[in-house]
Amino acid sequence: MVTHTRTASTGERCLVTGPGGYIGGRLVPELLDAGYTVRCLARTPANLREHLWADRVDVVCGDVTDADSLRPALRDVRVAYYLVHSMSSGRDFEETDRRAARVFAAEARAAGIRRIVYLGGLTPAGIPDEELSPHLRSRAEVGRILLASGVPTTVLRAAVVIGSGSASFEMLRYLTERLPVMVTPSWVGTRVQPIAVRDVLRYLVGSAAMPADVSRTFDIGGPDILTYRQMMECYATVARLPRRLILPVPMLTPRLSSLWIGLVTPVPAALARPLAESLRCEVVCAEHDIAEHVPDASGSPVPFDRALALALQRVRDAQVVTRWSSAALPGAPSDPLPTDPGWAGGSLYADEREREVAAGPEALWRVIEGIGGENGWYSFPLAWAVRGWLDRLVGGVGLRRGRRDAARLRVGDALDFWRVEEIERGSLLRLRAEMRLPGLAWLEMRAEKDGVGRSRYRQRALFNPRGLAGQLYWWSVAPLHAVVFGGMARRIARAAEQSAGAGDGDARGRAAAADGTATGDGVGRPHT
């Protein structure tokens with residue numbers, strides 16, 4: 001969690017524009033925790049419903065380019081956060097940004113706002129505006145417009161923001177994991193000063209309490225100055241990947257770079273281009289004056305390798321908690337959120353199956369909870385056996401562990417080469433793979449009521465690949481999924497129906513006696 005140096009007085013209201021964005025969506029709960037009342041400005045308020053803080057804020061429908069909608073949003077606000085910036089590459093985006101900043105500045109002054117806080121981009125020293133990338137140039141201009149508003153303004157300028165789900169982190173992650181040998185643009189030799197997202201949030205929250213006579217820009221960055229090549233090498237070390245071979249090629253332009261990034265990673269080329277363009281020139285902080293107003297706590301700013309480790313841990317822990325179960329609260333501001341882009345947090349491949357079951361959910365649950373061990377896995381026993389043998393050959397646990405209890409499971413139980421990660425009695429069983437794999441894997445089974453005396457069986461096998469080996473592994477075994485997972489879904493449904501028809505008994509044996517030709521009952525698709 002972010003450590004706040006100040007708690008707001010009761011009644012101090014902050015307006016957050018861009019609350020559905022990467023930073024805005026994390027800033028809102030930090031402001032709430034610091035004691036502020038928060039109002040959000042959103043063009044589509046319904047899009048905020050998935051945020052865990054949605055019922056703790058006031059949401060106003062509006063747009064920063066529309067003065068009429070801004071006025072009610074700015075009423076009785078002390079601090080206004082301007083977190084809006086176009087990432088499009090269209091011809092008119094600079095004019096749109098300029099117009100929006102002017103409208104916002106004028107309305108903030110008319111409303112008597114006591115401070116504007118803006119998060120912009122760190123620009124290279126000594127480079128004329130006309131030589132900057134269009135996006136960096138636009139961000140610098142927006143900062144100047146807000147500073148000239150007559151309202152005390154804090155402009156924070158950051159380079160590469162490191163946090164799980166951030167575009168910069170995901171681009172770095174995908175490039176490093178997927179390419180053991182990389183032919184890269186020349187900008188991999190450019191020095192940058194990355195910053196952890198938790199430090200960005202700390203500075204944003206702390207800026208709300210700056211004295212009225214402070215109105216200026218502040219450079220914010222972490223303690224490390226690195227080339228992008230060093231950042232990739234550091235990522236490989238932190239992620240325990242083999243050393244990467246990086247070969248810079250000068251002729252790769254930002255446009256070609258963005259196409260290359262879009263090909264190798266799920267980050268869209270339209271978003272990759274401004275990121276690549278911003279790396280053409282050195283972006284290093286010229287000062288650290290922000291510490292005079294927002295003192296650095298112990299351990300902050302966060303070192304780059306620590307920021308990477310935190311982001312990676314959040315991704316690995318939160319994919320189950322945040323992506324799969326919206327009831328769980330993310331543990332830190334850098335966790336992926338349900339509203340993050342689909343490519344945030346890494347590739348997540350899924351094979352999903354579902355079947356209608358002519359039996360109640362109680363009968364279906366008995367079959368689900370009884371899976372594994374002596375009961376087997378309801379599908380192609382030879383395939384499961386071979387997978388267990390292969391796992392043991394490479395030092396894994398194989399299928400030899402069985403299960404603790406023949407009928408009942410609890411969280412933490414070993415189950416062949418799986419472990420019970422989550423269980424909601426009567427409805428959900430989630431297993432995490434402990435066999436040797438080039439990635440992380442889960443198997444999720446659900447029993448849902450579907451009418452009187454009927455139920456629906458839902459099954460998901462998920463895989464988060466690690467590096468190129470993980471990608472190759474998934475696609476090499478994908479042709480077997482129809483046999484293994486399709487047959488598994490069908491036989492579990494049949495076992496539940498037979499159990500309901502004959503009372504409690506050996507449902508597994510009866511299902512095995514039935515015709516077992518496994519066919520595909522679902523689809524396998526990547527979630528990236």
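A salt bridge here is a side-chain nitrogen of Lys or Arg within 4 Å of a carboxyl oxygen of Asp or Glu. Keep that cut-off in mind. One more point before we start: this is a predicted model.

Take Asp450 and Arg456. Their closest N and O atoms are 3.3 Å apart, so by that cut-off the two form a salt bridge. Arg456 is buried, because its relative accessible area is 16%; buried means under 20%.

Next, Arg454. Its salt bridge partner is Glu356, with the closest N and O atoms 3.7 Å apart. This pair links distant parts of the chain. Arg454 sits in the loop between strand 18 and strand 19. Glu356 lies in strand 14, residues 348-357. Arg454 counts as partly exposed because its relative accessible area is 34%. Glu356, at 46% relative accessibility, is partly exposed too.

Now put those residues together. Which residues does the network of salt bridges link? Glu354, Glu356, Glu448, Asp450, Arg454, Arg456 and Arg458. In total, the structure holds 31 salt bridges.

Here is another one, this time within a helix. Arg202 and Asp199 meet through their side chains, 3.2 Å from N to O. Both belong to helix 6, residues 197-207. They are three residues apart there, so about one helical turn separates them. Arg202 is buried, and Asp199 is buried as well.

On to the second largest pocket. Its volume is about 520 Å³. There are 22 lining residues, and the closest to the centre are Arg387, Tyr473, Val477, His481 and Phe485. Five elements are listed as giving two or more residues to the lining: helix 12, strand 18 (439-449), strand 19 (455-465), helix 13 (467-477) and helix 14 (481-502). Which element gives the most? Helix 12, with five residues.

Last, the surface. Phe380, Leu382, Val386, Trp389, Leu390 and Leu393 form a nonpolar patch. Together they have about 630 Å² of accessible area. Look at Val386 in that patch. Val386 is in helix 12, residues 381-393. Its relative accessibility is 31%, so Val386 counts as partly exposed.

Technical notes. Residues are numbered from 1 along each chain as its sequence is written. This is a predicted model: local features need pLDDT of at least 70, side-chain atom pairs count only at pLDDT 80 or more; totals for chains, interfaces and linings use all residues. Side-chain values use heavy atoms; hydrogens and water are left out. Patches are made of residues with over 30% relative accessible area and no salt bridge: like charges are joined within 9 Å, nonpolar side chains (Val, Leu, Ile, Met, Phe, Trp, Tyr) within 5 Å. Accessible areas come from the Shrake-Rupley method with a 1.4 Å probe; for residues, only the protein chains shown count as cover. Helices (H or I, at least four residues) and strands (E, at least two) are DSSP runs, numbered from the N terminus. Buried means under 20% relative accessible area, exposed over 50%, partly exposed in between (1.4 Å probe, protein chains only). On a 1 Å grid over the protein atoms alone, a cavity is a set of points where a 1.4 Å probe fits but cannot get out, and a pocket is an open set with protein on both sides within 12 Å along at least five of seven lines; lining residues have an atom within 4 Å of a point. Grid points are joined across faces, edges and corners, and a volume is the space filled by probe spheres set on the points.
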